[in-house]
Amino acid sequence: MDPTYDAATDDYRHSIRSFLSDNLPADWRGIHHLAPEEQQRFTEDWRRLLAERRLLAPAWPAEYGGGGLSLIEQVIVHEEFAKAGAPIGIPTDVLSIGMLGPTIIICGTDEQKRHYLPRILSGEDRWCQGYSEPDAGSDLAGLRTRAVLDGDEWVINGQKIWTSHGHLANWIFVLCRTDANAPKHQGISFLLCPLDQPGIEVRPILNAAGSHEFNEVFFTDARTPRDCIIGNPNDGWRITTQLLAYERGGDSTTVPLVVQAILDRLIETARERGRVADPLVRQQLAALQTRSSVLNGSGLRTLTTALSGSPLGAESSLSKLQWTELYQDITVAALDILGPDAAAHLGTAPHVPLPPDAMGDTAPGGWVTHFMCARPASIYSGSNEIQRNIVGERVLGLPREPKPASAAIPSA
Ligand SMILES: Cc1cc2nc3c(=O)[nH]c(=O)nc-3n(C[C@H](O)[C@H](O)[C@H](O)COP(=O)(O)OP(=O)(O)OC[C@H]3O[C@@H](n4cnc5c(N)ncnc54)[C@H](O)[C@@H]3O)c2cc1C
């Protein structure tokens, strides 16, 4: 198989390459080669430029300040930025531009679109996602954070956890129980709440690599205006699932590119250390390369499905299983190959799960950091066990997984 893109797309690819070479610093080697404070300054300036050139939200319609790009153009933007090690936005943009923006575009009122979308693009509003709770993760509909109307305001009480980038955000989109007597999927509302207020406390949680990426968020009589809701009260479950319909496959071929770059780095490291003379190491690397090639083929198949206009269905579950397990296994192989040299915990942690410049730090200890950062990949965005359930039911047609009783939620 030697898949190629349509020749008509070449011009667009060249224009993106020219944009990158004209605007990235001359000695650019990827965002992780900058010192942490320079990374922040560069990313903010770069974000402003992308917003100006309509590349910050390539998938949003042009009328809302997005790129209004076709699917194939979005793919090209993602691929070329990944190859150049250039970020598209800041960490909270995954949630603001990738999740909340599309939710508002699909389900928000015209007034909400006019108010929130430009503030996301300007960076004035930076969002985090308040779904998971200590007792509601995979079974998200079991959530207990409550909101009740008090005059013109919602009053929120409860706790969210694993809130990525909550310390960098000023707003949270939060799923709350607004009817305790309804069946559990039917009593939830999708509220928008400012974080900077006395009723909210954001407490850091350090991850296994020692980085501050996520948080706990406590709501004690926190308040938000009555109209800070997407959709109707108690319709929040439908709103969260609507977002899936927006999935277009714009980055389906980017993840395989980044995973291959990480594997290339490992093969280079094994060569430098003379480890490729060991037949067991060669077998290990060949097995990883085979899986990476399969991942690449799957990405192209997903893109083909998306381009044909068919819904993506269970493709995203298959892709998530493939890339997260391969990413983890590459980092395990790296520790095997480096042996005790990998033990020194040095190196830069990636600021996103799959960093755009793939490895960032070439020091042997950088692999330990990557090993730890790869661990949660099989948990977030729906754990791999849940993805296997989806593949079992929707691809293989196996009997449905027994669900917990859908009774009303007892008081917390
Ligand atoms: C790095 C990271 C960032 C995150 N960011 C956010 C965020 O920004 N906002 C947010 O709201 N949440 C976030 N999460 C939370 C994430 O969505 C949950 O961790 C995830 O949904 C799993 O829920 P849980 O941790 O409660 O585990 P549980 O649901 O308690 O699951 C525990 C174990 O049981 C397995 N399991 C559960 N149910 C089933 C089943 N039916 N069949 C088979 N196995 C099952 C799971 O796979 C898992 O291995 C983040 C998590 C991580 C790791």
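**Notebook: strands, helix pairs and one cysteine**

I began with the strands and found five bridges joining strand 2 (residues 146-150) to strand 3 (residues 153-161). The two strands run antiparallel. I note here that the model is predicted.

Leu149 has Trp154 of strand 3 as its bridge partner. Next I checked the connection. Strand 2 and strand 3 make a hairpin, with two residues between them. Gly151 sits in the turn and has a positive phi of about 65°.

I then asked which strand is joined to strand 3 by eight bridges. It is strand 7 (residues 212-225), and this pair also runs antiparallel. For a reference point I took Gly158, which stands opposite Phe219 in strand 7. A reminder to myself for reading side chains here: in a regular strand they alternate between the two faces of the sheet.

**Helix 4 and helix 5**

I turned to helix 4 (residues 93-107) and helix 5 (residues 110-122). Their axes come within 10 Å and cross at roughly 165°. An angle over 145 degrees counts as roughly antiparallel, so helix 4 is roughly antiparallel to helix 5. I recorded the crossing as left-handed.

I listed the residues that make the contact. Helix 4 supplies Ser96, Ile97, Gly101, Ile104 and Ile105. Helix 5 supplies Gln112, Lys113, Tyr116, Leu117 and Ile120. I sorted them by class: six are nonpolar, three polar and one charged.

**Helix 1 and helix 3**

Helix 1 (residues 10-23) packs on helix 3 (residues 71-84) at an angle of about 35°. The axes are 10 Å apart. I recorded this crossing as right-handed.

From helix 1, I noted Tyr12, Arg13, Ile16, Arg17 and Leu20. They meet Glu73, Ile76, Val77, Glu80 and Ala84 in helix 3. By class I get six nonpolar residues, no polar ones and four charged.

**Cys128**

I finished with a cysteine. Cys128 is found in strand 1 (residues 127-130). Is Cys128 buried or exposed? I count 29 other C-beta atoms within 10 Å of Cys128. The cut-off for buried is 20 or more, so Cys128 is buried.

I also asked what Cys128 touches, not counting residues up to four places away in sequence. The contacts are Thr92, Leu95, Thr163, Ser164, His165, Gly166, Ala169 and Ile172. Cys128 and His165 are 37 residues apart along the chain, and their C-alpha atoms are separated by 6.3 Å.

Terms used:
Residues are numbered from 1 along each chain as its sequence is written. This is a predicted model: local features need pLDDT of at least 70, side-chain atom pairs count only at pLDDT 80 or more; totals for chains, interfaces and linings use all residues. Axes are lines fitted to C-alpha atoms, for helices over the stretch in contact, and angles run from 0 to 180 degrees between N-to-C directions. Helices (H or I, at least four residues) and strands (E, at least two) are DSSP runs, numbered from the N terminus. Angles under 35 degrees count as roughly parallel, over 145 as roughly antiparallel, 65 to 115 as roughly perpendicular and the rest as oblique. A crossing is left-handed if the near helix is turned anticlockwise from the far one by less than a right angle, and right-handed if clockwise. Two residues are in contact if their C-beta atoms, placed from the backbone, lie within 7 Å. Ala, Val, Leu, Ile, Met, Phe, Trp, Tyr, Cys and Pro count as nonpolar, Asp, Glu, Lys and Arg as charged, and the others, Gly among them, as polar. Two strands pair if DSSP finds at least two bridges between them. A residue is buried if 20 or more other C-beta atoms lie within 10 Å of its own, exposed if 12 or fewer, and partly exposed in between; C-beta atoms are placed from the backbone.
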